[in-house]
Structure formats: C-alpha cells, structure tokens
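Here is a brief report on strand pairing, helix packing and ring contacts. Please read it beside the sequence and the structure.

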Amino acid sequence: MATITSAGIGSGLDINSLVTQLVAAEAEAPTARLDRRQSDLQLRLSAYGQMKSALSSLSSSLGNLKNFSTFRAYSTTSSDSDIFTATSSGKISKAGYDVNVTGLAENHKLSTDPTLARAQFTDVTDTLSTGSLTFKFGTTSYDAGTDTYSGFVASTEKAAATVTITDSSLEGVRDAINDADIGVSASLIYDGSHYRLAVSSDDTGADNSLQISVSDDDGNNDDAAGLSLLAFNGTATHLEQNAAASDATLTLNGIAISSSSNTVTEAIDGVSINLKSVGSATLNTTTDKARVKSAVTQFVASYNAFFGTVNQLTAYNPETRVAGELNGDGVTRSITSNIQRIIGNPVGTLGDEFTILAEAGITTDPNNGRLVINDATLDEQLDQNFDKFISLFTAFGETADTHTDFVSSTDDTVVGNYAVNITSLATRGELVGSAAANLTIVEGSNDALTLNIDGVTASVTLAAGSYTVTELATELKSKVNALSEFSNAGIRIDVTESGGVLSLLSQSYGSSSRVEITGGNGKTDLVGGAATSTDGIDVAGTIGGVAATGNGRLLTGAGDAAGLMVEITGGSVGERGAIDFKRGYAEQLDSYLGSLLASDGFFKSTTASLENRLENIADERETLGRRLQAIETRLRSQFGALDALIAQLSNTGNFLQQQLDSLPTIGGSGNR
C-alpha cells in the first residue's frame, strides 16, 4: 500500500490549517498574560526613569543652597570706577565708606643721565663696560633736587641679587638684567637726542626702591664712565631718578591708610580695593541677596517639577478609569513622604528663631504638595536675617567665639549645641640659634645649609658677601622659601633676629611643624653650635565635653560631635563658648537624594529587579515556544495517523465497491 506523504491527502482534511489554529488557540492566553506583564514592567521602568530624572534635577538644584560660598558672597560697588574698583571675598560686613585717594603707589624708576658726557648714547650698540651690578631693595632717602643720597634701609622681605654683565652694549646690559628675573625691569628709551637705559623695580611701594652698586671691570666702580654710569647708592648717584618709589595714600572714612601696592587688600577685611587715580568716591559693600534668592527660587522650581512628575505618574482619572503607571506604588509613596517630612520638620529646635521654611516665606500647598514662595516675605527676611539663611539650608555650626571658626562636618555629626574648651593652643616649629650669626658669607666655606622643615629635606646655598643681620635674615628666608622642594609642598618659613641671633619659624602649625638644620658648612656660623629646635604642638581641647583630636589648629570632635571640625585661630585657653550645629534643608535633602541616586541606591536595585523580571518573561516566552512546538509536533503526528487511517478505510471501501460491482446480477438476462 502506498505511503501518504502529504498531510490531508488521504483524508481531504486541511491539516496544516487545523494544527495552526489549534496551536494558536493554545498560545493565545499565556501570550496575552506575558504581553500584559511585559507592558506593565516596561511602563513602570519608564516611570521610574522619569522620577529618577526629576529627582536628579532636584538634587542638582541643591548645589548652591548647601554650599557656604553662596551665603558668603558679597557685592562691592564704587561710585566712580575711574578712581577705584573693588572686589570682595569671604565674609565681609555690610557698610559704606568714603574713599579719598591722595596718591598712587609708584615703582622706583631710574635712567642714564645724558647730562653726563659718557652717557650721551646715540645707538643701542653703544657700550658701557663689563662687570656686575648688585641690586638691593629697600627704602631710599634721596633728594632729587639737590642730588643728595642720605640713606638706605634694606628690605627684610627681598634678598640682594647680582647680575653679571658680559655684553657691555646697551642692549646687552638691558637683556642681562631682564634675563636675571630678579624683580627689576630694564628698557631702552630714545628721548629724541639720546638713548637712555631705564631700570625700574617691578613692585611698587616706598620699601621697594633700588640701590645699585657696581663692580666695574675698568677698575673704578664710582666714576661717571663705563658700567659705573649705572651706580645709584650712597657713594655715587650717576643715574637720574625719574620717579621715586612711593606708597599709595588714601583715607577711608577719614582714617589715613598707606599701601605699598595700588591693590589695597588689608584696609577692609575681605575687600580688595584697586586704585586707579587720585580723587574721591564712595565704596559700598552689601550681601549678595540676589544670588541667594536665585538659589532658593531654583530649588523651589525643581522641587515643584518633581512633585508635578509624581502627581502625573500616580494620578487616577475616575471618568476614564485610567491610572498612572505608579498609581498605588508604595515605593513612590515612601519617597515623596520622606521628602515632605524633611521639608516639614524644623531645622534645630522647634520654636527657635528661623528654623522652618515658612519663616523665609516658603510654604507648602496642601492640595498638591508643591512649595510656594511669598516674595515679599523672602525679600524681607533676606534683608533682616541674611546670616540665618546659612543654617536654614546648609550643614553649619554657628560659633560664639571670634577665634573659633566652623570648618566642616560629616554624616556622623549629630545636630546639637556643643561647648568648646581649649586646653592648649597650636604652635609652630622653631629653631633658635645659640650664637650671633657670622655676617660674612664665603663661598665654599660657610654658605651651605641642609634643612628639614615639616618633614621635607632640602639644601640651600647663600650668596657670598658681607651682610647686616637683617640682610642675612632676608637672604636666608628668600633662598629657603624659593626652593622647589619646599614651595611644591606648601612649606614656608619666617626668619627673624634678636641681638644678632637668627630664629627660623615654620609657617605651619602642629606636631608635624618643625625646623632643623641637619648639616651644611654654614650651620655653626649661622646659628651656633647649640641651636635649639622645638617642634610645634597641635591644638588640644574638648567639644561637647568629649576629648577632641587636634591637628595643627584644627580640632575634630568625637561622640555625638564626631566629624565636627573647628579651627582655633587664636585667643586663649579655657572655655570658648559653644558651637550650635544644624543640618539645613538643602543638606538633609541632598543626603537623602544621594542615597536614592547612588550607584548602589534604590533606583539601581529597583531598575535591576524590573530588568530581571523582563528577562524572566523572555525566558518564559522561550519555554512557551518550546511547549507549543511540542504540541504542534504531537498534533501533526496525530492528524497524520488519522489521515493514514482514513486513507486506508477509503481504499478498502473502494476495493469492496469494485468487487461488488463485478458480481453477476441475480435474475438478470446476461451472464456475468
């Protein structure tokens, strides 16, 4: 019997269509369930993404509100910017000043004098002579009208510098001075008849005038010829003084002030005044309230945008019976409740002044949870209680003592009021010589020192020469502070003298502050054979009655005050008042939002869970596919068997019919 190889041929049934329909019917219900679950998960994943984006924007808006700098910003204005301009930094006081500029600071300016026969240069290649020029900086007593040089006091801040002249042309001398980079500038000026070599100090101020001594290779250091034409000292004044070094002079509210620079930085704490010309104008310093208001407004806008997003995602329309993707979501409800709790709780103790947002003119709309700004109240509070805003929004400790400054806190610091008691103040490391310093420094004999300052070691070589004790202290300080090993580490020293004995003092505070001279051929000549080194000590005391840790002038609390750091800048030992530490709204919100948005925070774990469930759905689809394939295979096998059986029965029927048809007819007329 022939084998049936095409489904339905034997039976005439459309087996392919039957199997396809039966498999589709089997797949319909589970596929619909998987589609619904996948759609719900994708919508929820998208909704969480929208909420995360809104929370990120809210977190970003807190940046300015939680930073001290926003509340320490002050604006300064000058009534006449042609006379002076002003800038501010740090915390300053609101005030107004009458400023009268009576004189500007000047550089010391000197030039060759063409009234001298040998100084009548007609070309830049005209020559002086070779040798060296030694420049000293300080205060000069000189009367240009009578050409009387009556005295010079060397600066304690700048060391003398020597420039070797090997090219005796005007150009060569100019370039040698400029290339030495010693704080002196040289140029060539043509006055219409003669070229003049001009030199000037780079820094303004009466104590930055120049004394110039000459070592002339022509053998005479003081005559009006050769390199000696550049002498300007108590022996020879061959240079013409074009401008005396002078300080700027001004009055602030009638108080006389002088400054070596036209940038006056110390007259008003936190204010820099840049003098432009002589004249009178007013200076006003005010708090930068606009900057704070802008930060508050930006925060409120981001806060409201977040709640607008949440309200949309959790809404339910009873008419259309359509719910938002996160309607009834417990996690969303928890997040919004926590944010509203932070905003609703007082900062500090309930009842204290300026502890709730409403006092700053910021209230919550009970209908939608959004914040509303009353501009009139906010402006009034910015005018009257500006300093209170810093503790309303940031993590801040308000101190009662002028020499105790809040520095920082950590997440472990508990809000509270902590008494500060100082048992010892921080000191600086110091080396005190045991004998008067030798004021003659000889190259290769007593010019070298090896120092260990604050744990860093370096060697210095002093310039050979004869010094006053003040000049030697300046030379040592200048050379040490210029060493890259020290300057790169932020290390500096002061050098003072008393009775000819030198003392070296580190500018850092604390137990790591030390000054030692560990070697060098100049050690004994400079500080004696029994110099004493004393290390600095760290500040010590308690915060909140618990022993705190000192590091230099910084004191860090423990216990509830863990992480609370203050700087003790001076004063005396004993009780120093209290520090009232609070965490403002921006600080609290930033901390909470940070935990949500962190790489291992809520959104990471939640989205990962949703993504895993989507992957599981994909796996379930594969499992369903395999099951449907098995069902299809089984159905095709069953229908194939049925088709074969029907075909067989059909063939048997046909055979029987043929046999019946071949039988003779009974009673018929013919033979079969």
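## Strand β5 and its partners

In this predicted model, S132 has S215 in β10 as its bridge partner. The two strands, β5 and β10 (residues 209–216), run antiparallel and are joined by 8 bridges.

Strand β5 covers residues 131–143 and also pairs with β7 (residues 161–165). That pairing is antiparallel too, over 5 bridges. Here F135 stands opposite A161 of β7. Strands of a sheet pair through backbone hydrogen bonds, in a parallel or an antiparallel sense.

Strand β6 (residues 148–154) is another partner of β5. Antiparallel again, the two are joined by 6 bridges. Y142 faces Y149 of β6 across the pairing, standing opposite it.

The hairpin of β5 and β6 has 4 residues between the strands. D147 takes a positive phi near 55 degrees in this hairpin.

## A sheet of 3 strands

An open sheet is formed by 3 strands in the order β2-β15-β14, with antiparallel pairing. The edges are β2 (84–88) and β14 (263–268). Each has a single partner strand, so one side of each lacks a neighbour in the sheet. On average, neighbouring strands of this sheet are turned by 30 degrees against each other, direction ignored.

Strand β15 spans residues 271–275 and is joined to β2 by 5 bridges. The two run antiparallel. T85 stands opposite N274 of β15.

## Helix α4 against helix α5

Helix α4 takes in residues 289–314, and helix α5 residues 330–344. Their axes come within 11 Å and cross at roughly 150 degrees. That angle makes α4 roughly antiparallel to α5. The crossing of α4 past α5 is left-handed.

On the α4 side, the contact uses F299, Y303, F306, F307, V310 and T314. They meet T332, I335, T336, I339, Q340 and I343 of α5. By class, the contact of α4 with α5 has 8 nonpolar and 4 polar residues, and no charged ones.

## Helix α1 against helix α5

Which way does α1 run relative to α5, parallel or antiparallel? The axes of α1 (residues 15–65) and α5 come within 12 Å and cross at roughly 15 degrees. That makes α1 roughly parallel to α5. Helix α1 passes α5 in a left-handed crossing.

Y48, M51 and L55 of α1 make the contact with V331, T332, I335 and I339 of α5. The residues of this contact divide into 6 nonpolar and 1 polar, with no charged residue.

## Aromatic rings

How many aromatic pairs does the model hold? The count comes to 12.

Technical notes:
Residues numbered from 1 in each chain as written. Predicted model: local features only at pLDDT ≥ 70, side-chain atom pairs only at ≥ 80, totals over all residues. Heavy atoms only, no water. Axes fitted to C-alpha atoms, helices over the stretch in contact; angles between N-to-C directions. Parallel < 35°, antiparallel > 145°, perpendicular 65-115°, else oblique. Left-handed = near helix turned anticlockwise from the far one by under 90°. Contact = heavy atoms within 4.5 Å. Nonpolar A, V, L, I, M, F, W, Y, C, P; charged D, E, K, R; others polar. Pairing = 2+ DSSP bridges. Phe/Tyr/Trp six-rings, centres within 6.5 Å; stacked < 30°, edge-to-face > 60°.
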